[in-house]
Structure formats: structure tokens, C-alpha cells
Amino acid sequence: GFGYVAIAGAVARYYWCKGEVEMIPRNPVKQSAGAALRYHLGSIAFGSFFVASVQFLRGALQYVVNRVKAVLGEGKSYLFCCLRCGLWLIEK
């Protein structure tokens with residue numbers, strides 16, 4: 001999360017300078033990391049929490065499927081497969 005945002009900010013600073021060396025900041029990664037800490041840390045934390053929650057749900061669903069695999073009928077097995085696929089898509 002945080003590393004991606006800091007590097008993306010540094011690349012964006014370089015891109016928007018359009019090759020003018022004097023406009024490029026002296027420490028673009030450091031400045032971008034500071035901006036990420038100040039302005040974007042809440043969004044990064046929320047995104048990480050969201051991904052962790054979806055991964056937990058996927059794990060819990062897989063646990064339930066493994067526990068009741070023998071009891072499941074064809075329709076319920078298909079339903080669980082669709083749920084796993086949907087959670088996988090949300091995570092990505």
C-alpha cells in the first residue's frame with residue numbers, strides 16, 4: 001500500500017515535469033512519502049482493511065466448504081463455487 005503510493009507519487013512528479021530538470025524535486029520519493037503520510041494514509045489503511053476482510057471471508061467460506069463437502073448437493077456446491085469466484089473478483 002504505502003510503498004506503491006509513494007513510488008507512484010514520485011513517478012507522477014517526474015512525469016509532470018516534462019523533462020525540465022530544474023522542475024524535478026530534489027528528493028521526489030521522500031516528498032511523495034511525506035504527502036502519502038499526510039494526505040493518503042487513511043485511504044491506504046481503509047484499502048488494506050477491505051482486502052484483509054475479503055481474504056478472511058474467502059478463507060471462512062473455504063473452511064465451510066471443506067467441512068460440508070460430503071453433505072453438499074450439486075446446487076449448493078455450485079452456489080459455493082459462485083460465491084468463491086465472486087469474492088476472488090472483489091479481492092482483485
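Q: Where is the place of E91, and with which residues is E91 in contact, leaving aside its neighbours within four places in sequence?

A: This is a predicted model, in which local features need pLDDT of at least 70 and side-chain atom pairs count only at pLDDT 80 or more, while totals for chains, interfaces and linings use all residues. Residues are numbered from 1 along each chain as its sequence is written, and side-chain values use heavy atoms, with hydrogens and water left out.

E91 lies in helix α3, which covers residues 74-91; helices here are DSSP runs of H or I with at least four residues, strands are runs of E with at least two, and both are numbered from the N terminus. E91 is buried, with a relative accessible area of 17%, where buried means under 20% relative accessible area, exposed over 50% and partly exposed in between, using a 1.4 Å probe and protein chains only. Leaving aside neighbours within four places in sequence, E91 is in contact with V51, V54, Q55 and R58, contact being heavy atoms within 4.5 Å. With one of these residues, Q55, the side chain of E91 makes a side-chain polar contact of 2.8 Å; a polar contact is a pair of N or O atoms within 3.5 Å, and within protein one must be able to donate a hydrogen and the other to accept it, with residues adjacent in sequence counting only if both atoms are side-chain atoms. An α-helix has 3.6 residues a turn, so residues three or four places apart point the same way.

Helix α2 spans residues 28-67 and has a kink of about 75° centred on H40, the bend at a residue being the angle between axes fitted to the seven residues ending there and the seven starting there. The buried residues of α2 are S32, A33, A36, I44, V54, L61 and V65, and V54 is among the contacts of E91.

As for the whole protein, there are 3 helices and 0 strands. The radius of gyration is 21 Å, well over the 12 Å that the globule rule gives for 92 residues, so the protein is more spread out than a compact globule; this radius is taken over C-alpha atoms, and the rule is 2.2 Å times the number of residues to the power 0.38. The C-alpha trace spans about 70 × 25 × 15 Å along its principal axes, and 16% of the 92 residues count as buried.
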